Amino acid sequence: MDFLATVGERGHRDIERLRSLDDLAGWIKHAGISTQETLLKDSDLSEAKTLRDVMVRVLEDLQERRKPDVADIGALNQAAKRPPLRPELGAEGHGVVLHADVLVPSVLSTLARDFIQLVGSGEVDRVKRCADPTCNMFFLDKSRANNRIWCATEGPGCGNKAKKRAFVARHRHAE
Ligand SMILES: [Zn+2]
């Protein structure tokens, strides 16, 4: 879901957060993935964006109860064929670092594998879009009741923004 969030305000302002190879490298670093490779290729960026678009289309199709495109399913399965990230146990015997042997292909393979598991297991019913129309972010609803409507209820997320708006509106009323 973090990966899908690299387009902000989807369908509204569509803020592209993977504009350059640096952005992609930054995202990978932020995800805590260790690697020997430091040089990314232009094809890495285009592959990452293509896979992200495929995932969004498949999610949208499933949410609209449409059958996803054969080519999109093929692209997911193809991405998952490459060697995924592998876990490395820390020297002290605890802690796990995810290591990429071929950086972007490994990252995309792992993302594709996770996505396939999510969709294939029926967990896709828990994938929702934020109720804030300017946000529209995909998120995974882990609540037991499966009734979340905002992408985040804590921190700077939309749930909090909505709560603040409601609070301000109530107080305006009281004056
Ligand atoms: Zn949101």
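Before looking at handedness I noted the convention: a crossing is left-handed if the near helix is turned anticlockwise from the far one by less than a right angle, and right-handed if clockwise. This is a predicted model, in which local features need pLDDT of at least 70 and side-chain atom pairs count only at pLDDT 80 or more, while totals for chains, interfaces and linings use all residues. Residues are numbered from 1 along each chain as its sequence is written.

Helix pair. I took helices (H or I, at least four residues) and strands (E, at least two) as DSSP runs, numbered from the N terminus. By that convention the crossing of α2 and α3 is left-handed. Their axes lie 10 Å apart and the packing angle is about 130 degrees, where axes are lines fitted to C-alpha atoms, for helices over the stretch in contact, and angles run from 0 to 180 degrees between N-to-C directions. On the α2 side the contact (C-beta atoms, placed from the backbone, within 7 Å) is made by L51, V54, R57 and V58, and on the α3 side by D72, A75, L76 and A79.

A112 sits in helix α4 and is buried, because 22 other C-beta atoms lie within 10 Å; the cut-offs are 20 or more for buried, 12 or fewer for exposed, and partly exposed in between. Leaving aside residues up to four places away in sequence, I found A112 touching L51, L76, A79 and A80, and on the same terms V107 touching I28, I33, L85 and A100.

Backbone. I noted that R65, although not a glycine, has a positive phi of about 60 degrees; R65 lies in the loop between α2 (42-63) and α3 (70-80) and counts as exposed, with 6 C-beta neighbours inside 10 Å. N146, also a residue other than glycine, has a positive phi near 55 degrees.

Technical notes
Contact = placed C-beta atoms within 7 Å.
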